[in-house]
Structures are given as structure tokens and as C-alpha cells.
Amino acid sequence: KVYNNYFFDEPVFDLHDGGYVPLEKVDMPDHPLNIPAALKPDKVEGNDVYYTITAQEGETQILPGAKTKTWGYNASLLGQTIVLKQGVHYHVHLVNKLPEVTTFHWHGLNVTGPIVDGGPHAPVYPGGSRDIDFTLDQPAQTDWIHPHPCPNTARQVWNGLAAAVVVTDDEEAKLPFPRNYGVDDIPIILQDRSYHDNQLDYKKDYDIDGTLGKYALVNGTINGVFDVTTQRVRLRILNGSDRREWRLHFDDDHGFTQIASDGGTLPEPVRLTKLMLTCAERAEVILDFGDKKPGDVVTLMSDDMPIMKFKIGQYVPDDVKLPEHLTTIDAPEVTPGLPVTRTVMSGMDDQVRLDGKLFDMQRIDRRQKIGDTVLWDVVNTNDMDGGMIHPFHMHGCQFLVISRNGKEPYPNEHGWKDTVGVNAGETVRIAVQFTKFGVYMYHCHILEHEDTGMMAQIEAYDPNHEHKYHLLSMDEM
Ligand code: C2O
Ligand code: CU
Ligand code: CU
């Protein structure tokens with residue numbers, strides 16, 4: 001079966017609202033697609049691996065003419081890709097060379113909050129550094145790192161801070177997926193930006209319902225071209241935009257196969273011709289160019305706008321077939337006797353609220369016992385002007401999508417997720433389990449909604465280990 005739709009409710013696509021900025025074609029020549037380098041460890045000692053991640057300022061040639069002032073991790077823009085493996089103990093030295101406070105948030109990593117996971121309670125001041133360490137204990141997946149300082153996340157991401165995190169493990173390594181980084185396994189970081197005399201101007205482009213840009217960038221490249229040298233290519237697609245939803249398809253309706261969602265491998269491959277990602281969602285897909293010959297060009301589109309091209313070169317034919325069963329999702333049983341947690345995303349503009357409130361860094365909004373599996377009903381009450389989709393994200397866990405308004409989740413939602421798009425007027429039921437005690441954020445991942453305060457925090461507690469948290473206030477940021 002091949003799915004030919006975006007699954008989401010069309011009346012709430014972001015292009016229907018008043019502040020929508022459509023993508024424009026950029027009149028400039030094609031450019032080789034930027035493939036971020038893989039970050040090299042500082043040292044490896046047995047099972048201990050050391051990395052330094054530096055948030056820095058730089059300049060990047062994005063448009064013809066003057067370079068653009070941009071921010072990045074170990075790079076002038078976006079960042080070097082961080083490759084991690086399950087079971088390894090990582091020591092990470094986080095360095096801030098920016099002129100303002102930032103944090104280093106591991107979106108999707110199951111590491112403890114509120115410090116190691118790099119939420120707003122883990123500031124790194126300008127000129128300063130912080131050292132964290134963790135043992136990675138989660139399956140192969142595509143995650144990312146981005147800033148999370150309250151309330152400047154959106155602007156810092158807009159300036160360029162975002163890098164792919166590739167998690168590997170031994171089980172996924174046995175599956176017949178392309179995994180030669182940069183050759184047949186590439187990140188596709190989707191963002192949109194506008195420029196003013198070749199420079200970013202966040203204030204000018206700011207929209208309280210989420211800032212949009214005119215130009216589509218893939219890995220920081222406008223009109224990027226990737227030279228295909230293998231029959232199959234694996235794309236690790238990340239919606240790294242402040243607000244834009246991407247509705248992806250190919251100009252020739254070329255099909256592709258989704259093999260993973262936010263939290264890793266899907267139980268079965270899902271064949272698609274269209275894929276929509278809301279902010280912060282990831283999808284790994286395999287493209288099979290077996291029907292193409294050298295010289296052919298396939299264009300990736302979002303709505304009716306071309307965003308990048310795949311130029312087919314010479315490749316060795318590859319007849320690998322994906323198995324119809326990829327992995328088994330060990331769904332934990334819902335803990336009996338517990339009520340369903342209900343959390344409500346409401347409003348638009350400055351009226352956005354989570355459970356009727358704005359974020360307070362010193363307020364713990366909920367508690368959940370570690371090891372319990374609890375159903376959460378995530379509600380989007382928003383029906384003003386047709387409403388909008390709020391992508392709901394939780395730190396500290398990967399969850400399973402149980403239902404949408406009581407119906408089956410979308411066909412590509414049968415794996416672990418940490419971010420789920422919730423349509424206006426919809427209730428998405430998810431099963432949530434925390435395994436590590438800590439304080440974790442949950443929020444709308446439209447970054448301007450998050451910065452306005454559509455965010456809350458939950459304490460995942462261990463009844464045998466009471467823990468006191470020192471929660472910073474916004475003034476300490
Ligand atoms: Cu990617 Cu709290 O976020
Ligand atoms: Cu996160
Ligand atoms: Cu929102």
C-alpha cells in the first residue's frame with residue numbers, strides 16, 4: 001500500500017492563516033547541498049567518548065554577495081553532526097562563544113532534566129562552559145541539538161543554532177538501510193529564512209504565532225543539489241523551522257519509504273508519496289532511484305515550491321529489499337488505576353496557553369512516577385479562524401501515539417515519538433513513561449509559542465529517592 005496524502009487536517013495547514021509567508025523561488029544558481037561534517041571526538045577511552053560542542057558566531061555564504069552573519073555549533077551555521085551510540089558513556093564539554101546566554105538542548109535524547117538535557121535551567125553564560133556526561137541508553141534514531149534559553153529559543157534557532165544528532169545501535173545496524181554518512185545517509189534539515197541586505201533580522205520578520213521566512217533552506221543551502229552515487233539514499237529529515245510545516249513530495253510523485261520516526265525505527269516500512277512534518281518532528285526515509293538513469297534530476301518540493309534537487313549519477317544497482325517487519329516496539333503496559341492526564345494547548349498569538357497558564361520556570365506543573373506508563377490526552381482546543389496545529393513535545397521520554405480523536409493514529413505514527421502534531425479541535429492520546437527522575441519540559445514546538453510561554457514542566461519522581469531541584473528563575477538566565 002502506498003499512501004498519497006499528508007494525513008493532517010487540511011483546514012489547519014499553516015498556509016491558511018493570516019500571517020502565512022509563502023515560500024518564494026530564489027533566483028540564484030543551484031549550489032552543492034551542504035552536508036555537515038560529523039563531529040570528531042576529542043578522545044576515546046574504552047567506552048568513554050569525549051566531545052566538545054561550541055556555540056559560536058560566524059559568517060556563511062548563503063546568497064550571492066555579502067556573507068550572512070550566522071550562528072552554529074562547531075560551524076558557522078547549523079552544526080556538525082553528532083554521532084552517538086547506544087551504551088556508550090559520553091562526556092560533553094559545552095562552550096558558549098556567543099555574546100549572550102544559551103543552553104544546549106538534546107531534543108529526543110533520553111537524558112536527565114533539567115540540567116543534562118539542556119533545558120532553560122542549564123544556562124551556559126557567554127564566555128563560559130559546562131560539562132555534562134551521560135550513558136546513552138536508547139535505540140538508533142535521529143535527534144537534534146538546539147538552544148532552549150527562556151525566552152530566546154526562537155531567535156537563537158533563527159540565527160542558525162541546530163545540529164543533527166545520529167544515534168546508532170547494534171540492532172538497527174543489522175537492517176538493510178543505507179548508513180554511509182554523507183554518501184547514502186544524509187541529514188535534511190528543513191528551515192525557512194528571509195534576509196535583509198543578506199542579513200537575518202529576527203525582529204523584522206518576527207511573528208508571535210511563529211516566524212516564517214521566504215526562502216527554503218536545506219542544511220543551510222538554498223537551491224541545494226545532492227549528487228546521488230548510490231541507488232538508495234537515506235534521508236534523515238528534520239523540521240528545524242521555528243514555525244513552518246513542511247509538506248514534502250517529489251516533482252515526479254516519486255515514492256519513498258519511511259523507516260523511522262522521532263524515536264527510531266518503525267515496526268514496518270511505510271510507503272508514501274507525501275509527508276508532512278510539523279516543527280521538530282523527524283522522519284527517516286529511503287529513496288530508491290532504481291527507476292532513474294544517470295543525468296536524471298528529481299526535485300524535492302514543499303507545497304508547490306522546489307526546495308532541493310537530487311542529481312542522479314552512476315550507481316551500482318542494488319536489489320536490497322526492505323523486510324516487511326523492521327523492529328518490535330515493546331509497548332509498556334499502561335499502569336492500571338491511574339487517571340488519564342489531560343493537557344490543553346489553547347489560543348493563538350499572545351493568548352497561547354498550556355493548561356490555561358504561561359510558563360513559570362519555578363513552578364512544577366505536574367508529577368509522574370518513573371516507571372509508570374500513563375495515558376495523556378493532549379488537547380488542542382484552538383478553533384479560532386480554523387485554528388492551527390500545535391506540535392506537542394516532551395523532554396525526557398519517547399511516547400507512543402495511541403489515538404487521534406479516538407481513531408487510529410496516522411500510519412507513520414506506529415513508532416516512538418517525542419513530538420506530535422495536534423490538529424485544531426483534536427485530542428491526541430499518547431502513552432508516556434519516564435525512566436529517569438528529573439524535571440522535564442513539555443511544550444508547543446512552534447518556537448515563538450514556546451517563548452511566549454506555551455510550556456510547562458513535569459517532575460518525574462522516584463518514590464524511593466526524593467530529590468530537591470534548584471529551579472532557576474528567568475532573571476538568572
Ligand atoms: Cu526541541 Cu524543549 O525542545
Ligand atoms: Cu526537546
Ligand atoms: Cu503552538
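**Figure 1. R234 and its salt bridge to E172 in the predicted model.** R234 is buried, with a relative accessible area of 2%. This is a predicted model. R234 pairs with E172 in a salt bridge, and their closest N and O atoms are 2.7 Å apart. R179 is partly exposed, with 33% relative accessibility.

**Figure 2. The salt bridge between E45 and K43.** The closest N and O atoms of E45 and K43 are 3.8 Å apart. Both partners are partly exposed: E45 has a relative accessible area of 44%, and K43 has 40%. Across the whole structure, a search finds 33 salt bridges.

Figure 3. H105 and H393 coordinate the copper ion (ligand 2). Each uses its NE2 atom, at 1.9 to 2.0 Å. H105 is part of strand β9 (residues 105-107) and H393 is part of strand β28 (residues 390-394), so the pair links parts that are 288 residues apart in sequence. Is H105 buried or exposed? H105 counts as buried, because its relative accessibility is 1% and the cut-off for buried is under 20%. H393 is buried too, with a relative accessible area of 1%.

**Figure 4. The largest pocket.** The largest pocket holds about 600 Å³ of space. Its lining comprises 29 residues. Closest to the centre are Q138, P139, G263, D330 and W416. Strands β19 (264-272) and β31 (426-433) each supply at least two lining residues. The largest share comes from β31, with 3 residues. By class, the lining of the largest pocket divides into 10 nonpolar, 13 polar and 6 charged residues.

**Figure 5. The second largest pocket.** About 250 Å³ of space lies in the second largest pocket. It is lined by 13 residues. Nearest its centre are T257, R271, I286, D288 and L322. Two or more lining residues come from each of β18 and β21 (282-288). β21 gives the most, with 3 residues. The lining of the second largest pocket has 5 nonpolar, 3 polar and 5 charged residues.

**Figure 6. The largest cavity.** The largest cavity has a volume of about 90 Å³. It is lined by 13 residues, and M276, L277, E281, N412 and K417 are the closest to its centre. Which strand gives the most to the lining of the largest cavity? That strand is β20, with 3 residues. β18 (256-261) and β20 (275-277) each supply at least two residues. Domain 1 (2-13 + 177-312) and domain 3 (341-476) each contribute at least three residues to this lining. The lining of the largest cavity has 6 nonpolar, 3 polar and 4 charged residues. The structure has 5 cavities of 30 Å³ or more.

Definitions and conventions. Residues numbered from 1 in each chain as written. Chains lettered and ligands numbered in written order. Predicted model: local features only at pLDDT ≥ 70, side-chain atom pairs only at ≥ 80, totals over all residues. Heavy atoms only, no water. Donors = N, O, S within 2.8 Å, 3.2 Å for Na, K, Ca; no water. Helix = DSSP H or I, 4+ residues; strand = E, 2+ residues; numbered from the N terminus. Buried < 20%, exposed > 50% of the residue type's maximum accessible area, 1.4 Å probe, protein only. 1 Å grid on protein atoms, 1.4 Å probe; cavity = no way out; pocket = protein on both sides within 12 Å on 5 of 7 lines; lining within 4 Å. Points joined across faces, edges and corners; volume = space filled by probe spheres on them. Nonpolar A, V, L, I, M, F, W, Y, C, P; charged D, E, K, R; others polar. Domains from an automatic or database assignment. Salt bridge = Lys/Arg side-chain N within 4 Å of Asp/Glu carboxyl O.
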